[in-house]
Amino acid sequence: MLIARLERVGLTVPTDVQSTAIPTILQNHDVVIQSYTGSGKTLAYLLPILCEVGPFAEKLSQDEDSDKRIGVEAVIVAPSRELGMQIVREFEKILGPEDKKLVQQLVGGANKSRQEEALRKNKPSIVVGTPGRIAEISATGKLHTHNCRFLVLDEVDELLSFNFREDMHRILEHVGRRPGAEPHNKAKGPLVRRTERRTILVSATVPFSVIRAASSWGRDPVLVRAKTVVPLESVPAAGPDTLSKNPTNSSSTITQGAADSLPPGLKHYYCVSKLQHKVDSLRRCVHALDARSVIAFMNHTKRLKDAVFKLEARGITAAELHGDLGKLARSTTLKKFKNGELRVLVTNELSARGLDVAQCDLVVNLDLPTDSIHYAHRAGRAGRLGRKGYVVSMCEESEVFIMKKLHKQLGIPIQKCDFPEGKLSVFKEETIKEMSSEATAR
């Protein structure tokens with residue numbers, strides 16, 4: 001029945017990460033799924049959940065534990081409203097209108113009373129939400145997750161940030177723990193290792209913080225990448241390597257798994273430009289590459305509006321997207337961008353995760369990312385599901401060393417370019433890869 005439903009929505013051939021992750025999860029393993037953005041990671045955990053939860057699952061026999069029939073059976077946690085709603089839509093697409101009430105969104109920014117009423121009325125089997133809202137409703141006693149069999153933490157490296165710490169602690173304590181179970185075990189740490197809950201951690205990048213969290217929260221977790229499954233304990237630990245403004249502080253450590261997070265169809269470039277000319281360089285880049293759907297990243301929210309004004313003044317349809325906008329404004333802007341009404345979406349780190357615009361063919365870093373992990377998440381907005389795309393970073397002369405570090409950490413060639421007379425001009429003799437080789441030779 002599930003196969004027929006997948007065929008109905010046009011899903012007939014699994015991606016590499018799906019082919020590897022689905023059987024691994026169905027064999028009751030706790031897993032960390034790592035693959036580049038746009039490779040199909042959501043379906044890689046969604047499908048095994050639907051094999052055991054909801055209308056496609058095999059019915060429990062009468063002599064099995066009846067408690068397994070009660071309450072929420074799968075909780076998926078995402079760091080942003082946009083990613084949470086994207087996951088809900090994936091579930092609803094497969095479940096269809098007749099069964100979509102089995103999934104309930106609990107994202108921040110939506111009406112909490114309506115969410116609580118939907119929980120009471122629909123009795124969903126699957127909950128998808130943001131940490132704050134899930135923890136908030138759980139604390140009221142209106143969300144029952146003790147019998148939960150799946151806990152998925154999507155974009156887990158982001159969920160590990162300090163802002164989510166208290167909410168994530170509550171979720172980890174209550175999801176998959178039966179009433180009366182001992183919440184603290186000194187021998188196993190502050191969070192008891194559950195024998196029934198399957199814990200699935202998902203991210204395009206797996207820094208050491210994720211490895212440490214997976215080892216603490218799961219039972220002998222394995223790392224799933226495209227076509228490979230290895231014990232997590234066999235993965236070498238590597239710490240984050242921030243791109244400091246001081247080149248003497250550079251580390252030779254390659255950020256764990258960062259290269260695996262990059263879509264294979266991308267070409268990477270950098271363009272040297274003065275700060276006050278970066279938006280104009282963006283305009284020339286868009287025309288030279290004939291890019292129809294562009295996401296431009298900046299680090300400071302206050303500067304987004306100015307960039308949009310300059311683009312609009314030069315005849316390029318653009319809009320800003322950031323967390324200070326209201327829910328309706330964000331939703332409207334995203335809809336216009338996905339429908340092709342906007343050519344350039346100027347945003348901050350908000351859109352580096354969870355924004356799924358299949359037709360995006362160009363990512364531009366107007367401000368450089370802070371490290372290789374952020375570069376990978378930004379770059380992953382283009383080249384999704386095997387498509388081709390470009391990533392162009394605008395940097396000042398004093399920032400070129402940062403591009404050298406990105407090459408070293410990610411293991412990709414990044415070519416210097418410019419856009420004279422409306423065309424892409426590549427300085428092949430000055431690719432980051434070759435520059436690094438020359439520096440090594442010296």
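In which loop is the place of Lys 227? Lys 227 is found in the loop that runs between β7 (222-225) and β8 (228-231). The structure is a predicted model, in which local features require pLDDT of at least 70 and side-chain atom pairs are counted only at pLDDT 80 or more, whereas totals for chains, interfaces and linings use all residues. Residues are numbered from 1 along each chain as its sequence is written, and side-chain values use heavy atoms, with hydrogens and water left out. Helices (H or I, at least four residues) and strands (E, at least two) are DSSP runs, numbered from the N terminus.

The average pLDDT of the protein (the predictor's confidence in each residue, from 0 to 100) is 84, and 83% of the residues score at least 70. Two of the stretches with pLDDT under 50 are residues 238-256 and residues 438-442. For residues 238-256 the model has 48 contacts (heavy atoms within 4.5 Å) beyond four places in sequence, whereas for residues 438-442 it has zero such contacts. Where pLDDT is low, the predicted coordinates should not be read in detail.

With a relative accessible area of 65%, Lys 227 is exposed; the classes are buried under 20% relative accessible area, exposed over 50% and partly exposed in between (1.4 Å probe, protein chains only). Glu 155, in the loop between β5 (150-154) and α7 (156-159), counts as buried because its relative accessibility is 6%.

The structure holds 20 salt bridges, each defined as a side-chain nitrogen of Lys or Arg within 4 Å of a carboxyl oxygen of Asp or Glu. One of them pairs Glu 399 with Lys 278, with the closest N and O atoms 3.7 Å apart. This pair links distant parts of the chain, 121 residues apart: Glu 399 lies in the loop between β14 (389-395) and α14 (400-410), and Lys 278 in helix α10 (residues 278-288). Both Glu 399 and Lys 278 are buried.

A salt bridge also joins Arg 284 to Asp 418, the closest N and O atoms being 3.6 Å apart. Here too distant parts of the chain are linked, since Arg 284 belongs to helix α10 and Asp 418 to strand β15 (residues 415-418), 134 residues apart. Arg 284 counts as partly exposed at 24% relative accessibility, as does Asp 418 at 29%.

Within helix α11 (residues 304-313), Lys 310 and Asp 306 lie four residues apart, about one turn of the helix, and their side chains form a salt bridge of 3.5 Å, N to O. Relative accessibilities of 36% for Lys 310 and 42% for Asp 306 place each residue in the partly exposed class. Elsewhere, salt bridges with shared partners connect Asp 280, Arg 283, Arg 284, Arg 314 and Asp 418 into one network.

Helix α6 (residues 131-139) packs against helix α8 (residues 165-174) at an angle of about 55°, with the axes 9 Å apart. α6 is therefore oblique to α8. Axes are lines fitted to C-alpha atoms, for helices over the stretch in contact, and angles run from 0 to 180 degrees between N-to-C directions; those under 35 degrees count as roughly parallel, over 145 as roughly antiparallel, 65 to 115 as roughly perpendicular and the rest as oblique. The residues of α6 that meet α8 include Ile 134 and Ala 135, and those of α8 include Met 168 and Ile 171.
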